[in-house]
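My notes follow the order in which I checked them.

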Amino acid sequence: MEKTLKPRSEKKTENFIAIICLVAFYVLLFLLDNYLPRNSFTTMLIPVLQKSSIFALVCVSMNLLNGFTGLFSLGQAGFMLIGAYVYAMLSIPDEYREAVYQYSGGTNIHFSIPEMLQGVIGQSAGSFFGAIICIIIAGIIAGIFAALIGIPVLRLKSDYLAIATLGFAEIIRAVFQWDKLGKITNGSYQLRKYTAFTDMNINIGGNVIKFTSIFPVFIAMLCILFIILLINSSYGRAFKAIRDDEIAAEAMGINLFKHKQMSFIISSFFAGAGGALLAMYQTTIQAMAFKTAMTYEILLIVVIGGIGSISGSCIASFLFIACNEWWLRFLDSGSLFGIVPVPFFRDGFRKVVFSVVIMVIVLFFSKGIMGDKEISFKGIGGFLKDPFGAKRRKAKKAVAAAAAAEGGEGNE
Amino acid sequence: MKKFLALILVLAMLMAFGLCGCGTAPADNGGDTAEGGDSAGAPAGDTVYIGVYEPQSGDNGSGGKQEILGMQYANSLTPTVDIGGTTYNVELVYADNESANDKAVSAANKLISAGCSVCLGSYGSGVSMAAADTFEAAGIPIIGVSCTNVLVTDGNEIYYRICFTDPDQGTIDANLVHSMGYNNVYCLAMLGEDYGQGLVNYFVAAAEDLGMTVTQDQFPEGNSDFTSYLTNAKNAGAEVIFAPCSTGYAQLIIQQAAAQGLTVPLVAGDTWDSGVISDACVAANGANEVYCSTFYANGSNPEFEDGIREWINGDSTNLANNGGTDELAATTVLGYDAYYVALEALKAAGSTDPAAVWEALPGVTYDGVTGNIAFNDTGDADRHQAFIKNFDAESGTLVFYDLIEF
Amino acid sequence: MIEFLHTNMAYLLNGISVGGQYALIAIGYTMVYGVLRLINFAHGDVFMVAGLVMIYATTAMPMYISIPLVLVATVVLGFLIERAAYRPLRSAPRMSVMISAIGVSYLLQNCALYFTGGLPQVYPSIPFLSESVTIWGATTKMVTIVTPILTLVLVIILVLLLKYTKIGMAMRAVSKDFEASQLMGIKIDMVISATFVIGCFLAAVGSLLYFTNYSSVIPTSGAMPGLKAFVAAVFGGIGSIPGAVIGAFIIGICENIIKGLGWTTFSDAFSFALLIVILMVKPTGIFGEKATDKV
C-alpha cells in the first residue's frame, strides 16, 4: 500500500500511457455505439458496459467507506434509491407526468430540468446537461440524507453500524413507498419516461450520433477519478488512518467524527449519482427493487475486487455483471454450447455457481482480485513477463540459497 | 498464494474470452434457447426466433410458466411458418424476468441479442412496463399476453396486447360484487405491484360509483402473514374481499381466511384463474367462495382443451410447470393465441426483420381460441367479453360462472 | 378496555404467535453473537432451508419421521456452515466473517432458488397444529396457541442448560472472554459448534411453527424474519436470552398492531426504527450488560 516514490520521468510516462489508453478506450466505445455492426456480441456488450460502469461507481463509493475509512456500512441501496428517485422526479417531461402519476392522483412537481434546458440550448444538449444537473442534484440530496443519518449512526462501531445503516436503508425504502407522499414519489408505483441513455443521442441532419455507452462510462469514470483524487489527498490519508487505528488517528489530531461524516456523505453522494445512472439504465424505477439484497450484491463485488482497491472494484464489477448477465447465462439454459444437454443446467444454476465462486473467494482468496493494490502499467508489464511468479520465486530462492543480502520483491 | 491468485485470474480470463468466442457463435444458432429438446430434431433450414419474455421464478413464476406452456404447445403444433415464400423453423427463446422490474432490462437485452424478430410477454404488468423502453430502443415489437395494466401499451408504441385491460376488468369485478348484493368491500393488493394496484384503482372507482363502501390495504412484497389484513377486513365489516395478487399470495390468503373462520367471498382478477388457486381452495375445504374474472372459460372449445391437456399430461415437466394439475389456466390459452398472433405478424411482414414486423402488427387480425384479436390505436386488442369463474367444490376446479359483455 | 381487547384479540394473538417464532430465531442470533461477536446473516436462511427440507421430506415419508429429520438436517446444516464458512476465518477481522455470513446467506438463497425453480412451495399441514380453534371470538390456528407455550418451555430448558451444565458454563465463559476461557482449557471450537447446534435446532422448531402458520416457502422467506429476529436480539440486549425472547414478543405484537392501524407500509420499517432508537439510547439493549471498550 505504501507508495514508493517514483522518479518524476517514470511517473510522467505512466500518465502518458494512461491517457493514451483512455483515449483509445473512448474511441472504441464511440465505434461500438455508432459504427460496429449489431450482432449478438455487441448488443450484449453495450448494456453490460453500461451496467458495469454504474456498478463500478457504486462499488467504489462503498469501497471509500468500507475499504478506505473502515466504516462497515450497509446502506448503499438506500442512498441509491434516493438518487434514482430524485433524478427521475426531476427529469420526467411535463407531458408524461399525468400518465406516470396516474394512480397517485397527479403530482405536485410541474417542471423538468432537461425540458427547461432543452428550451434554451436545444434538444440533445438540453437532455445531456439536464441529465447531468439532475444527477448532481440526486447526489446532493443523497448526501444531505447521509449527513442527517450520519449524526446518530456514525457513533456506532463495526457491526452495529452495519445493521443501523441497513435499517435506515429499509426505512428510506418504506418512506418512498408511502402513499401519502404519492404526489411526489408516486408511492409504490414505477417512475418512467424520464431522460434515459437513449436521449443522449445527437441528431445532426438525419445522422444520429449515439452516446449510449460512452455517457455512463464517462460519468462513472469522472466520479471515480474524483474519489481517487480524494483518497490521495490529505483527507484520504486521514481516512486511512481512521481505518487502521481510530484511537491512534484521534491522538494524531484527526477529528474522527468530522472525517467519518465526510467520508459517509461523499460516499452517499456518489451512491446517489450511481442510483441516478441506474435509473437511466433501467428506464423505469421502483423503490421495491432497492432491497438489502442489492447492498449485499454490491458488497460482494467489492470483496471480489479487493477491499481497498479502486481498480479491483472496477474490474470486479465488470466481471460480475458480465458473468451474471451474459457469459454464465448458458448455465441456466439446460445445455452446453447448444448441443450437449446437461441435466442440472436449469434456471438458477448460474446463481448457484456464482455464489459458490463468491464463497471460495471469501474463504480462500480473502484479498480478492487486487487485494489493496491498484493496477499500474509496471504491474501489468511484470505480470505479462512473469504471470505465475515462477521466475521471481526462482530468483528469490537463488538469492536465498546464495545468502545474498539483497533481493526484495518488486512493487507489483 | 499469489500463484493461485494469478492462476485463477488467468483461468477466469481464459474462460471469459472462450465464452465470448463461443457465446457469439451459438447465440446465433440458438445456443441459449433449448428447453425441452424439441429443437434438436428440427430439420435444417432458416430459423426465426420468437422471444418469450416471461417470469419463470419469483412471485409470478408459476403464472409465467403456465403462460409459456400455451406458447410451447402452439409451437409443438405449428413449428414452422411461411414468411415471404420461405419456410422458417420457429424457435422460442426464453428470458426469465424473475418477476422483478429491475431484472426486466437484462432479460430484455438477452432476447434482443438473441436476434428475436418479435417477443411475447409478460405475465405481470410491472415487468412489461419496465422493459418497454428497452424493446423500443432496439425496435423489436412485443405482444403483451396477460398484462392488463393500461400503462403497458399507453405511451409505449412498441407494445401490443391481446387481452382486455384493467379499467374494463375493474368495472366488471365491481359490478360482479354489486350484483351479488354486497356493499362493503375490502381491497388488498401488493405494494408496488402495478397489476394489482392498477386493478384495485379501477375497481374502487367503479365500486364507489355503485355506492359501495371500500377499504384499501396493501401488503409488502414477500409477506406471508395475512392474518392481520384479514382481521382488518373483518373489523371493517367487509362482506367481500377483493384481492388481485399473484397466486403465491392468493394461496396464503385463501388458507389463512379459512383458518381464521372468515368465510366471506373472495374476488380477484385474472391471476387467480389457475390450478394453484383451486388446489388451495380444495385444501381449505372450500371455506370461501372464490370468484375471478378471466379471459377464457373452460369448456368453450373442448377439442383444443383435450389436445392441450393430453400434451400437458404427456410430459412430467409440463405437468410440473402447470402446478401438477391439468387444469387449464386462461393465461395458457392466451399464450397459445399469442404465439399464433406472432406468426400472423411474421407472415404479414413478409420478413423476419423486427422493424417490418412492427409495421405489420397493427393490421394483424387472428381468430383465436379466446376470441377474435384485432388491435386498436393504442395497440390493445378490441376485447368486449370477459368470463367470471368460481370455485366448484364438487369438481375441485374453477368453473364457468358468467359471461360479461362490455 | 376489555371491549378494545376483545375486538383486537386477533391482532394480539397473532402478534404473540409471530413473536414466539421470532424468539426462537433470535436466540440463535444472540447466542452466536455472544460467543463469536458475529451477526450470523445466514441464520434466517437456515430457517428457510428447514422449511424446504420439511416440504421435500413429507413428500417421501410420513410426518413422524420427517419432523425429527428436519430437526436433524437443520442442525447438521448449521454445524457444517460453521465448520466450512466461519471456522477458517477465526483469526480474520470481524468484517471478513460477516462478509462470509452474507456469502453463505446468498448461497443458501440461490440454492433454494435452484431447487424450487423459484416457485413458492406449499408447506404441508401438520395434523394437530393446523387445526382451527376459537378463543374469545377470534378464530385462529392451533399453532398460534402452541407457539408461545412451546417457546417459553424451550427457553426455560435452554436457560437451565446454560446455567447448570458444563457446556453451558463453557458457553458463558467464552462469551465473557474468548481468550481467557481458551487459557482455562475450554475447547473453543466445541463450544462454538454447540452454540450453532442449539441455535439451528431452535430455528428448525421455529420454522415448523412459522410455516405451519404461513404455509408457503420462497427462497427469501427467511430474510425478513431473520432480520427482525436480529433486531429483537439487539433490542433485548445481545447475548441475553430472556432479552431476545422479550424483544421478539414486543416486535411481533407491535408489528401486528401497526398492520391493524393501517400503516402496513411501515410494518417492516418499524422494526428497524426501533432498532435504531435502541442503538442510540441504550446500545446494550434492555437486558444487556454494560460493556467497556478496551483499547
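**Ground rules.** I am working from a predicted model, where local features need pLDDT of at least 70, side-chain atom pairs count only at pLDDT 80 or more, and totals for chains, interfaces and linings use all residues. Residues are numbered from 1 along each chain as its sequence is written, while chains are lettered from A and ligands numbered from 1 in the order in which they are written.

**Confidence.** I looked up pLDDT, the predictor's confidence in each residue, from 0 to 100. Chain C averages 87, and 97% of its residues score at least 70. For the complex, the predictor gives an ipTM of 0.89 and a pTM of 0.89.

**Chain C overall.** I found 12 helices and four strands in chain C. Helices (H or I, at least four residues) and strands (E, at least two) are DSSP runs, numbered from the N terminus. The C-alpha trace of chain C spans about 60 × 50 × 35 Å along its principal axes. Of the 295 residues in chain C, 57% are buried; buried means that 20 or more other C-beta atoms, placed from the backbone, lie within 10 Å of the residue's own.

**Chain C against chain B.** How many residues of chain C are in contact with chain B? I get 31, facing 26 residues of chain B. Contact means that C-beta atoms, placed from the backbone, lie within 7 Å. Elements giving two or more residues to this side of chain C include strand 2 (132-135), strand 3 (138-141) and helix 2 (9-36) of chain C. Helix 2 of chain C gives the largest share, four residues.

**Strand 7 of chain B.** Next I checked strand 7 (residues 184-190) of chain B. Is it mostly covered or exposed? Mostly covered: six of its seven residues are buried. Strand 7 of chain B runs parallel to strand 8 (residues 213-219) of chain B, and seven bridges join the two. It also runs parallel to strand 9 (residues 240-242) of chain B, with three bridges. I count two strands as paired if DSSP finds at least two bridges between them.

**Tyr186(B).** I then picked out one residue. Tyr186(B) stands opposite Thr215(B) in strand 8 of chain B. Tyr186(B) also stands opposite Ile241(B) in strand 9 of chain B.

How values were computed:
Contact = placed C-beta atoms within 7 Å. Buried ≥ 20, exposed ≤ 12 C-beta atoms within 10 Å, placed from the backbone.
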